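I opened the notebook to record a few look-ups in one structure. The entries follow the order in which I worked.

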Amino acid sequence: MKIILIANPKGGSGKSTLAAHIAGYWAWQGERVMLGDLDRQHSAKRWLALRPDRYPTITGWEVKDGEPAKPPKETTAAVLDSPAGLHGKRLEAALKVSNRILVPVQPAAFDMWASADFFRLLAEEKAVRKGQVEVAVVGMRVNPRTQAAKQLDAFLREFDLPVLTQIRDTQLYVQLQPRGLTLFDLPKPRFERDYAQWAPILNWLK
Ligand SMILES: Nc1ncnc2c1ncn2[C@@H]1O[C@H](COP(=O)(O)OP(=O)(O)OP(=O)(O)O)[C@@H](O)[C@H]1O
Ligand SMILES: [Mg+2]
């Protein structure tokens, strides 16, 4: 079973957006997907409640804060959204059930500083050191023509971590939220550019 944890210490870095999208993608792939939400704000859970029945099914995964258990056996893929500042025992518990962790980072100094701390923290985690959990990074809300994008690029190069892609800053993701949808529920030809930005993440997920 594939289980991916989405985490970053910084609030608003794009965790829930990434979590919902990965669940949506897997659902289209025919996986039996569960989406769990460790955040008390319940963004992922609320988003899922709005998802129309006619789209590929994502099932809610009830996870207890601090002790996420394995999802039911029939599940083939699961996504775990997490709150800002996940650390210590709660991070350890989430890593214990996951085999991958994806970290969204926005091109801004506050986000990069917090992410640097988090990368160091992750590197010390037993599950990561032992290679039981694979770590990757995604640039989120990146406008490639900005200085900030260049700074993010330089910053991420300092770490020995795969940087999969850069997702652009677009209202598309904001508009999809209240509809319970993802980019993958939209016609591909109209959103070619965005699909292309997701492709490296989807490849990594295989
Ligand atoms: N690529 C993007 N372009 C534009 N807006 C985005 C993008 N990604 C996320 N957002 C928006 O940024 C806001 C924060 O994203 P999201 O809720 O996914 O972050 P989060 O890390 O889960 O936040 P929190 O720490 O509060 O749980 C949301 O309103 C979301 O729609
Ligand atoms: Mg969130």
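Predicted model: local features only at pLDDT ≥ 70, side-chain atom pairs only at ≥ 80, totals over all residues.

**Entry 1. Helix α3.** I asked which residues of helix α3 are buried. In this helix, residues 88-97, I found Leu91, Ala93, Ala94, Leu95 and Val97 buried. I then looked for what covers them. The cover includes the strands β1 (2-6), β3 (58-61), β4 (77-81) and β5 (100-105). It also includes the helices α4 (109-124) and α5 (126-129).

**Entry 2. Helices α4 and α6.** I turned to α4 again, now with helix α6, residues 147-157. Their axes come within 11 Å and cross at roughly 15°. Since angles under 35 degrees count as roughly parallel, α4 is roughly parallel to α6. I noted the crossing of α4 and α6 as right-handed. From α4, the residues in the contact are Met112, Ser115, Ala116 and Phe119. They meet Gln151, Leu152, Phe155 and Leu156 of α6. Sorted by class, this contact of α4 with α6 has six nonpolar and two polar residues, and no charged ones.

**Entry 3. Helices α1 and α8.** Helix α1, residues 15-28, packs against α8 at an angle of about 65°, with the axes 11 Å apart. The crossing of α1 and α8 is right-handed. On the α1 side I listed Leu18, His21, Ile22, Tyr25 and Trp26. On the α8 side I listed Trp198, Ile201, Leu202 and Leu205. The contact of α1 with α8 has eight nonpolar residues, one polar and no charged.

**Entry 4. Aromatic pairs.** How many aromatic pairs does a search of the whole structure find? The search gave eight. I wrote down two of them.

Tyr173 and Trp198 form a tilted pair, with 6.4 Å centre to centre and 50° between the planes. Tyr173 is in helix α7 (residues 171-176) and Trp198 is in helix α8 (residues 192-205), so the pair links distant parts of the chain, 25 residues apart. Tyr173 counts as buried at 7% relative accessibility. Trp198 has a relative accessible area of 0% and is buried too.

Phe184 and Tyr195 form an edge-to-face pair, 5.6 Å centre to centre with 85° between the planes. Phe184 lies in the loop between α7 and α8, and Tyr195 in helix α8, 11 residues apart. I checked burial here as well: Phe184 is buried, and so is Tyr195.

I then looked at how these rings connect. Ring pairs link Tyr25, Tyr173, Phe184, Tyr195 and Trp198 into a cluster. Tyr25 and Trp198 had already come up in the contact of α1 with α8.

**Entry 5. Arg51.** Is Arg51 buried or exposed? Its relative accessible area is 9%, and buried means under 20%, so Arg51 is buried. Arg51 sits in the loop between α2 (43-49) and β3. I left aside neighbours within four places in sequence and listed the contacts of Arg51 as Trp28, Pro56, Ile58, Arg179, Gly180, Leu181, Thr182 and Asp185.

**Entry 6. Asp37.** I found Asp37 in strand β2, residues 33-37. Asp37 counts as buried, at 7% relative accessibility. With neighbours within four places in sequence left aside, Asp37 is in contact with His42, Ser43, Ala44, Lys45, Trp61, Val63, Leu80 and Asp81. I also took one distance: Asp37 and Val103 are 66 residues apart in sequence and 16 Å apart in space, C-alpha to C-alpha.

**Entry 7. Positive phi.** Most residues other than glycine have a negative phi. I noted two residues with a positive value.

His42, one of the contacts of Asp37, has phi near 55°. His42 lies in the loop between β2 and α2. With a relative accessible area of 28%, His42 is partly exposed.

Arg141 has phi near 60°, again a positive value in a residue other than glycine. I placed Arg141 in the loop between β6 (134-140) and α6. Arg141 is partly exposed, with a relative accessible area of 40%.

Key
Residues numbered from 1 in each chain as written. Chains lettered and ligands numbered in written order. Heavy atoms only, no water. Buried < 20%, exposed > 50% of the residue type's maximum accessible area, 1.4 Å probe, protein only. Helix = DSSP H or I, 4+ residues; strand = E, 2+ residues; numbered from the N terminus. Contact = heavy atoms within 4.5 Å. Axes fitted to C-alpha atoms, helices over the stretch in contact; angles between N-to-C directions. Parallel < 35°, antiparallel > 145°, perpendicular 65-115°, else oblique. Left-handed = near helix turned anticlockwise from the far one by under 90°. Nonpolar A, V, L, I, M, F, W, Y, C, P; charged D, E, K, R; others polar. Phe/Tyr/Trp six-rings, centres within 6.5 Å; stacked < 30°, edge-to-face > 60°.
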